[in-house]
Amino acid sequence: MTELGPVAWPPAPIRTERLVLRESEARDRAAFIELFASPEVCTYLGGPRPRDELERAVPEVPGRRPGVFVIELDGAVIGTVTLDRRDAERPGHLRPDAGEVELGYLFLPEAWGRGYASEACAAALDWFADAFPGELVVLCTQTANDRSMRLAAKLGFTEVERFEEFGAEQWFGVWSSVTPSG
């Protein structure tokens, strides 16, 4: 993955009605490990990684790079939202040269079902639309992931195509800041 490009990073923390989106700090390491070790979180991402492997692999300050937002609720990390360039080797692109920005998100199971993902992703997309006017954002999720399919629709992503990847049907959609995001 490459960086987003010339943009001031990190932005000032983004505050929504209930959440804060901010740059990663050393104190977030345990939450990153919890996200990637969670069987529930990683159900549609190839399964959880072993905790001992994550303890060795996750850096002291995880996810500290442009496009990675840590999501905080009342001072506790509940997830992450990322805006990264989509790997050109993967299927699902809008342009022949690839390089589209892809929205990703992971939330701890205890944060599910309360609208936090929608609130955080909408705030990240609003930030992106201001920082990169007119640039499209893509999203890819397994069609079996009902929660992500509903979130994509709620955020205003429209289907471009479906394809097989990682042994499952994938839904690939696009979002544009020039159309209402709902």
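I started at Glu72, which stands opposite Val77 in β4. This is a predicted model, where local features need pLDDT of at least 70, side-chain atom pairs count only at pLDDT 80 or more, and totals for chains, interfaces and linings use all residues. Residues are numbered from 1 along each chain as its sequence is written, and side-chain values use heavy atoms, with hydrogens and water left out.

I then checked the strands (DSSP runs of E, at least two residues, numbered from the N terminus; helices are runs of H or I, at least four). Strand β3 (residues 68-73) runs antiparallel to β4, with six bridges joining them; strands pair if DSSP finds at least two bridges between them.

I noted Gly104 in β5 as the bridge partner of Thr82.

Is β4 mostly covered or mostly open? Mostly covered: nine of the 10 residues in 76-85 are buried, meaning under 20% relative accessible area with a 1.4 Å probe, protein chains only (exposed is over 50%, partly exposed in between).

Next, rings. I found six aromatic pairs in the whole structure. Rings of Phe, Tyr and Trp (its six-membered ring) pair if their centres lie within 6.5 Å; planes under 30 degrees apart are stacked, over 60 edge-to-face, the rest tilted. Phe69 and Trp127 are edge-to-face, 5.4 Å centre to centre with 80 degrees between the planes. Phe69 is in β3 and Trp127 in helix α3 (residues 116-131), so this pair ties together parts 58 residues apart in sequence.
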